[in-house]
Amino acid sequence: MDLASRYKGVVGLVFGNDNSSSTEDSYVERLLDRISNGVLAEDRRTAVAHLQSIVAESRAAQLAFGAMGFPVLMGVLKEERDDVEMVRGALETLVGALTPIDHVKGPTNEVQPALMNADLLSREPESISLILSLLSEEDFYVRYYTLQLLTALLTSSPNRLQEAILTIPRGITRLMDMLMDREVIRNEALLLLTYLTREAEEIQKIVVFEGAFEKIFSIIKEEGGSEGGVVVQDCLELLNNIIRHNASNQILLRETIGFDPLISILKLRANTYSFTQQKTINLLSVLETISLLISGGADTDPSKDSSRTTNKAVLVQKKVLDHLLMLGVESQWGPVSVRCAALRCTGDLIAGHSKNLDALASKVLGEEPQVEPALNSILRIILRTSSMQEFTAADYVFKCFCENNGDGQRMLASTLIPQPHSMRQSPQEEDVNMSFGSMLLRGLTLTENEGDLECCYRAASVLSHILKDNIQCKEKVIQIEIEAPTPSLGAPEPLLHRMVKYLALASSMKSKDGKSNTGHMFVQPIILKLLVTWLANCPSAVQSFLDSRHHLTCLLELVSNPSATVCTKGLAAILLGECVLYNKSSENGRDAFTLVDTISQKIGLTAYLINFDEMQKSSIFTSIKSSQPRRPLTRSNAASMADIEDVDENDLSDKKNHDHPILSVIFDAHFVNFIKGLEENIRDSIVEVYSHPKSQVAVVPAELGQKNGENDKEYIERLKLFVEKQCFEIQGLLGRNATLAEELAKTGGGGSGSSQAEQRAGGISERVQADTLRRDLHESSQRIEFLKADKAKAESDLSMYRNLVGKLESDLKSLSDAYNSLEQANFNLEAEVKALRSGDTPPLPDLEVVKAEAREEAQKESEAELNDLLVCLGQEQSKVERLSSRLDELGEDVDKLLEGVGDDAGLPEDEEEEE
C-alpha cells in the first residue's frame, strides 16, 4: 500500500488529521471495503457504481478516494479483466477522481484533489502501463474510458505521462491504432495525441513513423475538409505539432503524400461562401500549417534554409498562391482573421524567393474584362479597408515583396506617374483601370481637402517599402511633382514637400471636442518613417527637403512639442540628424554647421539628444524582437484568434504621449535596428561638425581685390583690417564651438538624465577631447617607428662588424703561428750553416756497441720462445701418457700403434737439411 501511504502523508500535511474521520471518508472507505472484500459480484458492482457517483460530485470524496482507493481499483483492472462491468466502473471512477469539480468554488490557495490524484497516479509507471494495456480490450466502453483517463492524466501531468508512455513498449503504437477505431474512440485518441505531441520530439517521430500523415488526411477527407467540425481542427493541430520546427518531418510529408491533400482543404466550394466559426478555425489551422512549412525547421537545424526554400517552391508549383489570394484578396465576404492570415502567408511565401516574387508580380485577379494585377488589388485593400489588422497584413505583403528586391522596387516606382487633378478627384470606384503608381499617388493626395489623412499615411507606408535601400527609386520619386488642389494656389510642388505638409497638418488636426484625435496618433510616425527612409544615404533628398525653410521649422516645432508622442519626437529628431549627416551642401545657411547651430539655438543639444534615449526606452522599440513566433492555434485559444478585434481607440483617448499599438507592427525589427545605427552616426556627425565648423571657402571675397585708384599702402592697410576682422570672427567661432562641445558632452546629465545618456555623453566628451591628442599620438608613433628602424639598422651593422673582427683575429693568429714556425726553421738552418762553416761534424755512434745491443735483444727473444715451446711439449707428453695408459686398459698395443709416426714426420726435415 505504498501508493495510499504516500497520498495520506500529503493529505495529512494539507488538511490535517481531522478531515480523515469525516462522513465522506468513512463512506468511501466502506465502499472500497465492499469492492475488495465482497463475495457477491453484484454487490461489488453496486459498490463501484456508488463510488463512481460520489467521487464525481464531491471534492471531499475525491480526496478520500485518493488516500486509499487507487490500489483497490488498480487491482480490479489488473486481476478482473473478465468482469467487463467491473472494469468499466473502475475506469469511470478513476476518470471522475481526476476530473476537477468546478461548481464548488473554494479558496484560491486550496489544493485541488483532482490534481493531486492525477499527480499520484502518474508517479507509478506500472499503473500507466496497465492502463495502456486496456486499449487492446474488445469492449467499446473500456477503450473509451481508458482514453478519457489518459487525457485527464495528460492534462494534469503532461511531462511525466509522456516519459512513462515512451518507456512502455508499443505505447504510442496502441494509441495510433485507435485512430482507425470507431468514431467516438477515434476522436478521443486524436485529442490525446494532440496533447502528447505538443513538445515531445521523440513522440512526434514515433507518430510519424506509425503513418500519422496518411491517417490525418484520411480523417480530414472523411469529415469534409474545411467544412468539417472540430475533428478537422484536431487533425490539423496534430499535423502542426508534428511539423513545427521539424525539418525532417516536413521533408517526409513533402516526399511521401505531398502537399496536394493540404492545399485541397483551402479550396472554397462554389456554393458555400458562408463562414461559420468552425470553418474559420479550420481555415486558420491549415493556414498555420502552410506558414510552418514556409518557415522551415528549427533555427539550430542546418537544413532549415534548404527545406524552407524547397517548401516554398513546391507550394507555388501546387498553385497555393492562387488559393491564398482567393482567401486574402478576393473573398472580401470572409472573416477578417482568415483574410489577414492568408495575406501574411502570401508575404512569407514570396519573401527572399525570386521565382515566387515574379509569380506574384505577374499574377492577375478577377474575371474578364475586370481583371487587374494582384499587387493593385492588395494596394486597394490597404487604402480602403476599415480594419487596421487587415491594413498591416496587406502592408506586410509589400514589405516582403520589396525586401532585397531592387528590380521589383524599380518596377513599382516606374508606374509613379502623376495624374491630372480632375482624375484624382474621380470616385474611388473608378480606380480599377489605374496603374499601381497612379493609385498610390491618388491615395497620397485623395482626402486632402477633407482633412483626413488616413488614406495618406497608408499609402506612405507602401511608398516607404518601395524606397527602402534603393537610391534609384529615391532619385526618381524626388522628381515627381504634385499639382496644387486649386491651380490658383500656386505651381506644382514636389511629392517630398507635400509629405512634409501632411506631417504638419497631422499635428494640428483636432477632434470636434477640441482634444487631439487618437485616430491620428500613428499618422505622424508613419509619415516620419517614410521621410527617414527617403533621406537615408540620399544627399539629393536632403537638398530637396531643405529647399524650403518651413520644413526645418516644422521639424524643430515637432521635436519641442510637449504634446507629441515619444516616438514622434524621436523620429523627428532622427530626421533632423539625417539633414546633418547626409548634408553635402556648401551653401551658406543650408550646410551642416548651420543646421547644428540652429538646433542648438532653438532646442538645445541636451534636449535634442535626450529624444533619442527616450525613444529607445519607449514600448514600441523595447517590445520589438528579431523574430516573434506566432502563438500556436489550439482548442483553448481558437475562438479568440478567429474573432480578431481592432484596438479600441477610445481606450487610448485619455492616454497622452503614448504611441499607438499598431506601430509595434509597422516598425519591424529591421527598421528599429536601422534607427539605432543611425542614431550613433548622427551623434558622431554632430561631434565632427563641432571639430570642423566650416569648410574652406573656395570663393575669394570681393574685399581682397585692389580697388581702382587705391595705392599699395592703402590696399595693404585695408587687407590688415580685413584679416584682423576675420581673426576676431574665428576666435568667436572657436569659443562658441568649445561651449557647444561642452554642452554636448554634458548631454544626459543632471537629475533627470539616465545612466545610459551619461555614458553616451561621456563617450562624446572623450571623443571631443581626443581629437587633438590623436594627431600628437600619430606623430609620436611615426617618430617611434623611425627610431625603431634606426635601432634595428644599427644592431645589424654592429653584428656584422663583430663577425668581421672575429674573422680578422683568427686570420691574424694563423699568420702569427706561421711566422713563429718560419722563425724556428730559420734558426735551425742558421745553426746548421754555422756548424758547417766552422768544420765541426757531429759525433757518430759506436758500431760494435750497437751490434752487441741488437744481439743481446735477439737472444732474449729466442730464449722466451724456447721456454714457451718446452711448456707445450710437456703438456703434449702428459696427454700421450694418459692415452697410452687408457689404451693398455683397453688391450691395445701402444708401441705397435706408434710405429712409423716419428719417421713420417721427420723425413721431410732430413731432406731439407740435405738440400
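Author: A residue is called buried if its relative accessible area is under 20%, exposed if over 50%, and partly exposed in between, using a 1.4 Å probe and protein chains only. The model is predicted, so local features need pLDDT of at least 70 and side-chain atom pairs count only at pLDDT 80 or more, while totals for chains, interfaces and linings use all residues. Residues are numbered from 1 along each chain as its sequence is written, and side-chain values use heavy atoms, leaving out hydrogens and water.

Reader: What percentage of the 915 residues of the protein count as buried?

Author: The share that counts as buried is 45%.

Reader: How many aromatic pairs does the structure hold?

Author: Rings of Phe, Tyr and Trp (its six-membered ring) pair if their centres lie within 6.5 Å; planes under 30 degrees apart are stacked, over 60 edge-to-face, and the rest tilted. The structure holds 10 such pairs. In one of them, the ring centres of Tyr-608 and Phe-612 are 5.4 Å apart and the planes stand at 65°, so this pair is edge-to-face. Both residues, Tyr-608 and Phe-612, are buried. One aromatic cluster is formed by Phe-140, Tyr-141, Tyr-144 and Tyr-145.

Reader: Which residue lies over the face of Phe-140?

Author: A charge sits over a ring if NZ of Lys or CZ of Arg is within 6 Å of the ring centre and within 35 degrees of the ring normal. Over the face of Phe-140 lies Arg-182, at 4.2 Å from the ring centre. Arg-344 lies over the face of Tyr-396, at 5.2 Å from the ring centre.
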